[in-house]
Protein chains: 2
Amino acid sequence: MSDPDRLQEALALARKAADEDEVPVGAVVVHEGKVIARAHNRREQDGNPVAHAEILAIQEAARTLGSWRLVGCTLYVTLEPCPMCLAACMLSRIDRVVYGARDPKGGAQSLGYALHEDKRLNHRFPSECLEQPECGEILSAFFRKKRS
Amino acid sequence: MSDPDRLQEALALARKAADEDEVPVGAVVVHEGKVIARAHNRREQDGNPVAHAEILAIQEAARTLGSWRLVGCTLYVTLEPCPMCLAACMLSRIDRVVYGARDPKGGAQSLGYALHEDKRLNHRFPSECLEQPECGEILSAFFRKKRS
């Protein structure tokens, strides 16, 4: 399956988050062509400040693989990872990150925290935006509804 | 109890981590003068790349308080938080972070990732080093033993 198809799978999880009144961000982890982890943001329902989609997906992928090293894995996430999540990707030794919408206010790369290419750290990997309008639109719609 | 006393409590947890063959880092979260969470690094035994002492302590504190907002809380940790953990502190709205040893190679502040004072983010807080030689020594001893 193609990168846009994988982002659509992540988007389906973001929709689930919105249905549960969570900020709609979804993520999947793919290993050897297979989705091994699926998660969406659960901060409110879990009362957990680190329950971002990426952190939950990374932890599930590690459980599936039986190792904290996500070698050979790609994380697909609807929104650009925040600094916590991009750092978590680095710590997990993931191969690659692909996201569907930039986050100018909270995204690590947008804010200039290029943790994925810091040569002083243990691991470097590509983290790229593959713009998918629906990934941003679902967030705009969510916050529009919250304000109304 | 004083800040150095709280760091001693975190150090006792770091010792527990060393006994379990984990990189010895320990953390406690204090709220209204009471320790509400205790954790040590569990990356290897849990096979979880995000199971740093700080992340586990933050999550336990949130469970105890029944909220993802750690307002009124201080995190005491033996080692300077990495970028993931400092960002997690920011996301949890914690009041303050105190650590007992600098981490020149992996600490967020040492590497120039001053996430705790970034005015573009939602929350700012002090994160300070209160040097406690034992907090660094337990790490040196651990890695010395690993290499021998």
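Analyst: Happy to! Let's begin with strand β1 (residues 26-31) of chain B: 6 of its 6 residues are buried, so the strand is largely enclosed by the rest of the structure. Here buried means under 20% relative accessible area, exposed means over 50%, and partly exposed lies in between, using a 1.4 Å probe and protein chains only. Helices (H or I, at least four residues) and strands (E, at least two) are DSSP runs numbered from the N terminus. This is a predicted model, in which local features need pLDDT of at least 70 and side-chain atom pairs count only at pLDDT 80 or more, while totals for chains, interfaces and linings use all residues. Residues are numbered from 1 along each chain as its sequence is written, chains are lettered from A and ligands numbered from 1 in the order in which they are written, and side-chain values use heavy atoms, with hydrogens and water left out.

User: How do you know that both faces of β1(B) are covered?

Analyst: In a regular strand the side chains alternate between the two faces of the sheet. On one side of β1(B), G26(B), V28(B) and V30(B) are buried, and on the other A27(B), V29(B) and H31(B) are buried too.

User: What makes β1(B) and β2 (residues 34-40) of chain B a pair?

Analyst: Two strands pair if DSSP finds at least two bridges between them. β1(B) and β2(B) have 6 bridges, in the antiparallel sense, and V28(B) stands opposite R38(B) in β2(B). The two strands form a hairpin with 2 residues between them, and E32(B) in the turn has a positive phi of about 50°.

User: And what makes β1(B) a partner of β3 (residues 73-77) of chain B?

Analyst: The bridge count again: β1(B) and β3(B) pair in the antiparallel sense over 5 bridges. A27(B) stands opposite V77(B), and H31(B) has C73(B) as its bridge partner in β3(B).

User: Which strands stand at the edges of the sheet in chain B, and why?

Analyst: The sheet is open, with 5 strands in the order β2-β1-β3-β4-β5 and mixed pairing. β2 and β5 (127-129) of chain B each have a single partner strand, so one side of each is left without a neighbour in the sheet. Neighbouring strands are turned by 20° against each other on average, direction ignored. Axes are lines fitted to C-alpha atoms, for helices over the stretch in contact, and angles run from 0 to 180 degrees between N-to-C directions.

Helix α3 (residues 53-65) of chain B packs on this sheet, touching β1, β2 and β3 of chain B, and its direction makes about 145° with that of β2(B). Contact here means heavy atoms within 4.5 Å.

User: Why do the buried residues of α5(B) count as lining one face of the helix?

Analyst: Those residues are C135(B), I138(B), L139(B) and F142(B). Seen down the axis of α5(B), they fall within an arc of 95°, so they line one face; the arc is that of the directions from the helix axis to the C-beta atoms. What covers them includes α1 (3-19) of chain B. The face turned away carries the exposed residues P133(B), R144(B) and R147(B).

User: Is R6(B) buried or exposed?

Analyst: R6(B), which lies in helix α1 of chain B, has a relative accessible area of 6%, so it is buried. Its side chain reaches the backbone oxygen of G33(B) at 2.8 Å. A polar contact is a pair of N or O atoms within 3.5 Å; within protein, one must be able to donate a hydrogen and the other to accept it, and residues adjacent in sequence count only if both atoms are side-chain atoms. Among the residues that R6(B) touches are V28(B), V30(B) and Y76(B).

User: Moving to chain A, why is N41(A) called buried?

Analyst: Its relative accessibility is 7%, so N41(A) counts as buried. N41(A) is found in the loop between β2 and α2 (43-46) of chain A. A polar atom of its side chain lies 3.0 Å from the backbone oxygen of V23(A), and one lies 3.2 Å from the backbone nitrogen of R43(A).

User: What about E32(A): buried or exposed?

Analyst: At 72% relative accessibility, E32(A) counts as exposed. E32(A) sits in the loop between β1 (26-31) and β2 (34-40) of chain A, and its phi is near 50°, a positive value in a residue other than glycine.

Notes
Lists of a residue's contacts leave out its neighbours within four places in sequence.
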